[in-house]
Amino acid sequence: MKLAFIGIGNVGFSLANNLQKKGHEILVAHNDPQSESVQVAVQKNPDFQVLSVQKAITEAEVVFLATPFGANEKLLTALDVKNKVLVDCTNPVGAGISHGLESKISGAEKVQEWAKDAKVVKSYTIYGYENFANTQFPKYNVKPVMLIAGDDTHAKTKVASLNTDLGFETLDVGSLSQSLHLEHMTLLWVKMVRAQGHHPHFTWAYLER
């Protein structure tokens with residue numbers, strides 16, 4: 001697939017780099033190809049192609065949003081994302097690692113408001129970037145699970161196929177409103193790792209009896 005990444009920092013690069021190695025074409029969406037984040041990403045993986053944000057969105061089959069949450073409204077309301085699968089990899093994190101929207105609504109639902117013609121899927125938020133760069137846990141005979149939420153079944157199917165390429169098992173938890181609970185899982189992981197010093201190389205698994 002041709003995949004566009006808006007945001008190519010730790011999360012965006014880890015996903016893009018892994019997916020490029022699995023045969024996907026990566027478009028770095030940025031209006032300043034000389035920006036530090038773009039230059040660092042291209043130096044690490046010269047196979048990335050850099051395009052303006054709108055051009056990358058237009059050409060891509062799936063668009064990844066991996067920006068700081070606070071930038072999303074201004075960014076998305078200025079773009080044409082009609083009918084695009086938009087993967088929300090962002091989290092509204094507030095003071096003290098709290099939910100930045102006071103748990104009244106998920107960040108993904110706000111993304112859908114700002115990109116009303118897109119097909120938003122919440123994914124790649126419940127762990128840190130370390131587990132997007134490397135999804136292998138050789139001590140265990142199970143794959144790590146990636147939980148996704150969204151209102152469009154076809155869009156979620158596309159994201160699930162990317163999960164498979166990355167090495168994740170997919171668990172669809174339902175509608176986009178379920179993203180609020182995924183964002184709370186993110187806060188749990190972040191508090192454990194970034195605040196309490198737990199190592200970052202752990203994920204959740206989905207086990208059925």
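F5 sits opposite V28 of strand β2 in this predicted model.

**Strand β2 and its partners**
- Strand β2 covers residues 25-29, and four of its five residues are buried, so the strand is mostly covered.
- On one pairing, β2 joins strand β1 (residues 2-6) in the parallel sense, with four bridges.
- β2 also pairs with strand β3 (residues 49-51), again in the parallel sense, over three bridges.

**How the chain links these strands**
- β1, α1 and β2 form a β-α-β unit that is right-handed.
- A right-handed β-α-β unit is also made by β2, helix α2 (residues 36-44) and β3.

**The largest pocket**
- Its volume is about 360 Å³.
- The lining of the largest pocket has 21 residues, and V11, T67, C89, T90 and N91 are the ones nearest its centre.
- Helices α1 (10-21) and α8 (179-195) each contribute at least two residues to this lining.
- With four residues, α8 gives the most to the lining of the largest pocket.
- By type, this lining holds 11 nonpolar residues, nine polar ones and one charged.

**The second largest pocket**
- About 240 Å³ of space lies in this pocket.
- The second largest pocket has 14 lining residues, with I6, G7, H30, T67 and L75 nearest its centre.
- Eight of the residues lining the second largest pocket are nonpolar and six are polar, while no charged residue takes part.

Key. Residues numbered from 1 in each chain as written. Predicted model: local features only at pLDDT ≥ 70, side-chain atom pairs only at ≥ 80, totals over all residues. Heavy atoms only, no water. 1 Å grid on protein atoms, 1.4 Å probe; cavity = no way out; pocket = protein on both sides within 12 Å on 5 of 7 lines; lining within 4 Å. Points joined across faces, edges and corners; volume = space filled by probe spheres on them. Nonpolar A, V, L, I, M, F, W, Y, C, P; charged D, E, K, R; others polar. Buried < 20%, exposed > 50% of the residue type's maximum accessible area, 1.4 Å probe, protein only. Pairing = 2+ DSSP bridges. Right-handed = clockwise from strand over helix to strand, strands pointing away.
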